[in-house]
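Here's a quick briefing to read alongside the structure. Have a look at it first, then run through the notes below.

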Number of protein chains: 2
Amino acid sequence: MSRPTLEQVARRAGVSRATVSRVVNGSTRVAAPIREQVNRAVAELGYVPNYAARSLVTQRTDSIALILPETATRVFSDDQFFPGIIRGVSQALEAADKQLVLMLVGSPAARTRAERYTTGGHVDGVLFASVHGADPLPELLLRTGIPVVCNGRPLGRSEVPYVDVDQNGGVAHAVRHLLDSGRRRIGTIAGPPDMVAGVDRLDAYRKILADSDRRSIVAVGDFTRESGEAAMRQLLADDPGLDAVFAASDLMAHGALRALREAGRRVPEEVAVIGFDDIEMARYTDPPLSTVRQPIERLGQTLAGQLLRLLAGEEVEPALVLPTELVIRETG
Amino acid sequence: MSRPTLEQVARRAGVSRATVSRVVNGSTRVAAPIREQVNRAVAELGYVPNYAARSLVTQRTDSIALILPETATRVFSDDQFFPGIIRGVSQALEAADKQLVLMLVGSPAARTRAERYTTGGHVDGVLFASVHGADPLPELLLRTGIPVVCNGRPLGRSEVPYVDVDQNGGVAHAVRHLLDSGRRRIGTIAGPPDMVAGVDRLDAYRKILADSDRRSIVAVGDFTRESGEAAMRQLLADDPGLDAVFAASDLMAHGALRALREAGRRVPEEVAVIGFDDIEMARYTDPPLSTVRQPIERLGQTLAGQLLRLLAGEEVEPALVLPTELVIRETG
DNA sequence: TTGTAAGCGTTATCAC
DNA sequence: GTGATAACGCTTACAA
């Protein structure tokens with residue numbers, strides 16, 4: 001019942017272990033008839049190489065960890081950010097025939113396990129999605145000699161190469177569009193201050209408004225729909241004359257839409273709303289949501305691509321920034 | 001730069017490899033002062049055990065694969081089914097200190113890789129979510145001696161233990177509710193015929209209607225919103241007098257809602273709609289969607305729980321069925 | 001309680 | 001081309 005080993009295949013084929021190993025690994029330096037024999041024995045016995053043994057000697061595992069520093073609940077809320085990243089990453093890894101190992105790291109225990117797992121040689125490289133605060137793990141891995149690429153500029157100084165979308169440009173487009181269409185009191189629903197995406201988008205919003213001598217009106221959410229709804233109520237309380245809102249995520253924008261409807265404000269006539277992400281749902285809100293599209297899937301592909309280059313021994317850019325795009329639908 | 005080995009720790013602590021191994025694995029049979037020394041050496045060198053080496057001898061990996069026989073695109077559409085499963089599974093595995101390895105198997109190449117990966121001893125056990133058709137992989141793994149648990153009754157004969165929700169009961173509740181509230185021409189938007197959930201829900205629908213001498217009106221989708229929209233148009237074309245629809249997924253129900261609005265039918269006044277899943281979005285459709293709630297997260301937990309029991313050498317029930325619940329909101 | 005030594009199943013380096 | 005043989009880093013009888 002236990003799995004056959006190289007040894008057993010060798011015996012059956014009447015050759016040495018070394019030869020079987022060569023055949024299994026596709027070496028061309030084996031005589032055709034012998035290769036035949038070996039392959040037959042492999043098939044008959046249902047031989048599959050033991051990866052632990054192999055990686056013990058090769059020092060490779062051909063698998064890559066994607067660490068999502070979030071609880072599963074958060075990763076799979078109906079925010080499509082993480083799914084998009086995962087999708088992009090798995091496409092790129094599949095093409096390179098690497099196995100993706102997804103790690104949801106939402107608790108201290110999970111963090112410890114992830115650290116041991118990645119430093120313990122289970123994977124050849126590590127990808128981080130959406131690092132919270134100044135997580136020391138990426139740096140630690142780098143020092144341990146494990147290739148790492150992060151999604152999003154790490155908070156704090158860091159040597160770790162990263163890939164991000166053009167947060168600044170996206171926000172600038174959105175807010176300028178609101179200004180250009182005559183909006184005068186533009187609030188924002190910001191993301192959490194411990195995430196770069198939250199910080200960057202808020203900074204960008206503030207800068208644009210400052211540049212045109214308008215004041216910032218800020219409420220803070222955590223990228224969820226509920227937080228967006230609450231933040232919108234807050235904004236309306238703070239400034240009833242508000243005529244536009246930029247929400248740092250589509251989910252929060254959706255929540256804002258609900259709050260506005262409850263408050264009896266018409267969208268976009270009285271208040272314009274622009275989100276960020278362009279998740280699929282944005283087309284289905286009522287009315288359909290204008291938003292800043294970020295190429296999430298491509299972000300994932302690029303992330304994986306950079307890591308693969310590192311694994312191949314190539315140099316990579318310390319930072320790569322992908323473009324965003326303003327998508328105007330009906331909310332603003 | 002290469003990672004320190006047990007040997008190096010042993011030298012530094014002035015003891016043997018065996019002793020270090022004992023300390024690292026938490027054996028109590030080591031004198032306290034020596035344990036201290038070893039721990040210090042471990043910390044100083046930043047030692048982390050090499051998992052390949054360990055699992056080569058222990059024949060365990062402490063990781064579990066969750067195979068999703070879908071493309072990443074499909075898994076992370078905004079259907080919350082897979083995310084819920086993943087969430088439940090990762091909670092249960094986290095509690096047992098096992099590492100979850102998520103495998104998206106949406107292409108033949110990915111399937112081959114998954115087969116090699118799981119039979120190659122990378123994981124101690126395998127979980128399958130939503131098996132398509134009569135996939136032979138679960139059986140194959142079972143024969144290889146690797147513990148397997150499936151989500152959903154496998155199509156075709158199978159020895160593999162599974163966990164499912166009460167599809168029948170859920171559908172029965174929904175359709176009876178429609179009948180009880182006076183609906184007379186009840187159509188259904190079925191799921192894909194190669195998935196058990198699709199087949200089971202359609203069968204259940206047919207049975208209830210047959211029992212009350214009403215005829216079935218069926219259109220087939222593939223669980224996506226778009227397919228639901230198309231199927232609804234189909235149903236309206238087939239039977240303009242339709243006064244209710246049971247959709248085999250919330251996403252398809254959402255698509256149906258759009259199609260109904262476009263066709264100028266009021267929901268629920270003219271046409272009632274009931275979905276299946278109770279994904280978060282169901283509360284946010286317009287009007288909020290009535291649906292059959294299935295305990296997806298608990299399904300994931302149970303799935304993992306059964307596998308953990310198998311790994312512990314216990315016997316498990318060949319089938320486990322979790323209850324569903326009808327949630328009435330405003331569409332029917 | 002601690003150390004010695006024999007594997008675990010591969011790959012890689014040699015000779016032949 | 002093919003076959004011994006030595007690692008790879010760890011756990012675990014068995015000895016001491």
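At what angle do helix α7 (residues 108–119) of chain B and helix α8 (residues 137–144) of chain B pack? The angle is about 20 degrees, with the two axes 11 Å apart; axes are lines fitted to C-alpha atoms, for helices over the stretch in contact, and angles run from 0 to 180 degrees between N-to-C directions. That makes α7(B) roughly parallel to α8(B) (angles under 35 degrees count as such).

This is a predicted model, where local features need pLDDT of at least 70 and side-chain atom pairs count only at pLDDT 80 or more. Residues are numbered from 1 along each chain as its sequence is written, and chains are lettered from A in the order in which they are written.

**The helix pair in chain B**
- α7(B) passes α8(B) in a right-handed crossing (the near helix is turned clockwise from the far one by less than a right angle).
- On the α7(B) side, B:R111, B:E115, B:T118 and B:T119 meet B:L137, B:L140, B:L141 and B:T144 of α8(B), contact meaning heavy atoms within 4.5 Å.

**The helix pair in chain A**
- Helices α7 and α8 of chain A pack at about 20 degrees, axes 11 Å apart.
- Their crossing, α7(A) with α8(A), is right-handed.

**Annotated spans in chain A**
- UniProt (unreviewed entry) puts "domain: HTH lacI-type" at residues 4–58 of chain A; annotations may be inferred rather than shown by experiment.
- Residues 4–58 of chain A are 69% helix and 0% strand, helices being DSSP runs of H or I, at least four residues, and strands runs of E, at least two.

Conventions
Heavy atoms only, no water. Parallel < 35°, antiparallel > 145°, perpendicular 65-115°, else oblique.
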